[in-house]
Amino acid sequence: MQRLSTTVRLNRSVLQLDDAAYVRLERYLAESASLLEGDPDPQEILADLEQAVADQCTRRLQPGQSVVTLAELEPALEEIGSVQVPGASPSAEPSTPSAARPLQQVSEAAVISGVCAGLGRYFGFNVTALRVFAVLLLLLSGGGVVLVYFTLMLLMPYAPLEAGGPPLRWLPGKCRTFMEYLRTKFNLATN
Amino acid sequence: MAAESKLAPIRKGLLEFLVLKIVGAKSMYVPDILRRLAGTEFSTQEGTLYPLLSKLRREDLVQYEWKESDAGPPRKYYRLTDSGQAQLTALDEYWNLINRTIADIGH
């Protein structure tokens, strides 16, 4: 015997879900409820969202199809989006590790401009190993890595300088000044 | 990227104004409101709009009524309350004022 579907009531609609879709929807609604913690009226919003899910899934069912699967549910949830509480500042959104530690060049730890130091810090690589690897690539690629390095110099923003830290060494300092000049000149984003 | 990170909070703050404007013109249910915003800078999703409408209702700026639909369950149609209408007028005036200031300043 095999259970094929679960029938759920979503606000004013009734929907049949297969097991995977049921688990996924349960997770979405639980996430929404936890995002709405602190909202004075979470029940109403959750009911609205349930109705939205039911409407979106029903619209996506093929003629003759009665059971909602992940194929209908995932795009439906994608379209509905996760709950955004009005007035919450963007910084209050759940922070990912990369948001806590953005991909930036680190002038203080730089040999040239800080690209390796920044990549190492962001991805948790050993910076010395990364530099040896980069030099190897430089020798093997016949200089192509220079272009890659320069592109990264241009694209990766510089981490703010440590307040009261030691002055930058000559090359990292020049790189930083030059890149900031280029970005202003060509109106490139810096962070 | 730098400009984008500054524009996002502006859009976020203005969304409420736009929603008031939309339901001020005509009572609408959420998919209509989303369609009206789709393709503009303010394109948004149900996950954003329902919490916002719930807040606006608590602030007595909008209210809804249930209307039967041809297909599926009844729908919530949102419209402005009197105080919502007053706030929309005030926001509209303030917005025009800001626009003039921005256009004039620096010349």
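Start by selecting B:Arg57, which is partly exposed, with a relative accessibility of 27%. You are looking at a predicted model.

Colour by chain here. B:Arg57 belongs to helix H3 (residues 46-58) of chain B, while A:Asp41 sits in the loop between helices H1 (19-35) and H2 (42-60) of chain A, so this pair joins two chains.

Over all chains, the whole structure holds 15 salt bridges.

Next, go to A:Arg60 and A:Glu79. Their side chains form a salt bridge of 2.9 Å, N to O. This pair links distant parts of the chain: A:Arg60 is in helix H2 of chain A and A:Glu79 in helix H3 (residues 70-80) of chain A, 19 residues apart. A:Arg60 is partly exposed at 22% relative accessibility. A:Glu79 is partly exposed too, at 38%.

Move to chain B and pick B:Glu4 with B:Arg11. The closest N and O atoms of this salt bridge are 2.8 Å apart. B:Glu4 is partly exposed at 40%, and B:Arg11 is partly exposed at 28%.

Finish at strand S1 (residues 6-10) of chain A. A:Thr6, A:Val8 and A:Leu10 make up its covered face, and A:Thr7 and A:Arg9 its uncovered one. Show strand S2 (residues 13-17) of chain A as well. The two strands run antiparallel, joined by five bridges. A:Thr6 has A:Leu17 as its bridge partner in S2(A). Two residues lie between the strands of this hairpin, where A:Asn11 takes a positive phi near 55°.

Terms used: Residues numbered from 1 in each chain as written. Chains lettered and ligands numbered in written order. Predicted model: local features only at pLDDT ≥ 70, side-chain atom pairs only at ≥ 80, totals over all residues. Heavy atoms only, no water. Buried < 20%, exposed > 50% of the residue type's maximum accessible area, 1.4 Å probe, protein only. Helix = DSSP H or I, 4+ residues; strand = E, 2+ residues; numbered from the N terminus. Pairing = 2+ DSSP bridges. Salt bridge = Lys/Arg side-chain N within 4 Å of Asp/Glu carboxyl O.
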